[in-house]
Amino acid sequence: MSKRGSSSRWYQTQISDPFVKERERQGLRSRSAFKLTELLERDRLLRPGGVVLDLGATPGGWSQIVGPLVGARGLVIAVDILPMTALAGVHFILGDCREPATLASIGVALKSRQADLVLSDMAPNLSGIRDVDEARSVELAETAWETAQMFLKVGGSLVLKMFQHQDSERFLLEIRKYFIRINRRKPAASRSGSREFYVVAGGLKG
Ligand SMILES: C[S@@+](CC[C@H](N)C(=O)[O-])C[C@H]1O[C@@H](n2cnc3c(N)ncnc32)[C@H](O)[C@@H]1O
């Protein structure tokens with residue numbers, strides 16, 4: 001398809017997408033915020049006073065949702081390789097989750113608390129080659145899991161963005177044994193044509 005044709009198709013999708021309209025109405029930073037809202041409600045993942053680690057947080061749609069839910073006694077730490085406009089009550093760390101320096105900064109920001117919930121909506125820069133992009137996404141999910149192993153409390157939950165791929169299945173089999181329950185979710189705001197899905201893993205075992 002020509003560049004013009006694909007941009008016009010993108011425009012049509014945008015104007016007919018109810019989540020795009022609702023995002024604008026509510027002043028949310030991302031359309032993806034609706035995916036997280038559905039996951040949080042369905043799996044009851046968060047309470048006031050909770051500690052949340054939001055990996056791959058920019059532009060901040062997910063942090064914007066969890067901040068008010070945990071309230072003043074809670075803590076939200078957002079991490080991204082790209083800068084994020086400040087959000088009240090959210091501690092932002094500019095860094096790559098694969099780097100030890102970023103992990104050290106997360107440790108300092110937690111102030112000896114542990115996370116109740118680790119979120120990862122991390123996505124790679126797309127190359128356009130589906131197999132490469134999906135394999136990179138699995139690597140980011142593995143990074144998120146390694147980070148969760150450092151900071152998630154026993155009993156805590158993990159939410160991961162993933163894409164259908166043979167490596168995703170292998171990875172899911174691997175983490176299954178560490179949690180009491182694991183569910184695959186496709187929130188309504190996740191486009192039906194996308195191979196994206198979310199893993200909600202609850203009850204980290206000791
Ligand atoms: C889909 S966006 C996240 C959107 C966000 N959840 C929201 O609702 O606003 C994915 C983000 O992952 C970040 N990212 C990718 N690789 C990363 C890494 N290794 N460390 C930290 N962030 C990363 C990207 O910079 C990008 O901002």
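**Close-up views of a predicted model**

**View 1. Helix H4 and its cover.** In helix H4, the buried residues are Gly61, Trp62, Ser63, Gln64, Ile65, Val66, Gly67 and Val70. A residue is called buried if 20 or more other C-beta atoms lie within 10 Å of its own, exposed if 12 or fewer, and partly exposed in between, with C-beta atoms placed from the backbone. Helices (H or I, at least four residues) and strands (E, at least two) are DSSP runs, numbered from the N terminus. The structure is a predicted model, in which local features need pLDDT of at least 70 and side-chain atom pairs count only at pLDDT 80 or more, while totals for chains, interfaces and linings use all residues. Residues are numbered from 1 along each chain as its sequence is written. H4 is mostly covered, with 8 of its 10 residues buried. The cover over these buried residues includes helix H3 (33-43), E1, E2, strand E3 (90-94) and E4. After H4 comes glycine 71, whose phi is positive, near 70°.

View 2. Among the 22 residues around the ligand, Ser30, Ser32, Gly56, Gly61 and Asp121 come nearest; a residue is near a molecule if its C-beta atom, placed from the backbone, lies within 6 Å of it. Helix H4 (61-70) and strand E2 (75-80) are the elements that give two or more residues to this shell. The shell divides into 11 nonpolar, 6 polar and 5 charged residues.

**View 3. Strand E4 and its partners.** All of strand E4 (residues 115-120) is covered, since 6 of its 6 residues are buried. Strand E1 (residues 51-55) runs parallel to E4 and is joined to E4 by 4 bridges; two strands pair if DSSP finds at least two bridges between them. Leucine 55 has serine 120 in E4 as its bridge partner. E4 also pairs with strand E5 (residues 152-163) in the parallel sense, over 5 bridges. Here leucine 117 stands opposite serine 157 in E5. From E4 the chain crosses through H6 to E5 in a right-handed β-α-β crossover.

**View 4. The nonpolar core.** The largest nonpolar core has 47 residues, and Val52, Leu55, Val118 and Ala144 have the most contacts inside it. Such a core is a set of buried Ala, Val, Leu, Ile, Met, Phe, Trp, Tyr and Cys residues joined through C-beta atoms within 7 Å. Helix H6 (residues 130-151) gives the most to this core, with 6 residues. Beyond its neighbours within four places in sequence, valine 118 is in contact (C-beta atoms, placed from the backbone, within 7 Å) with residues including Leu55, Ala144, Phe151 and Leu158.

Notes:
Contact = placed C-beta atoms within 7 Å. Right-handed = clockwise from strand over helix to strand, strands pointing away. Nonpolar A, V, L, I, M, F, W, Y, C, P; charged D, E, K, R; others polar.
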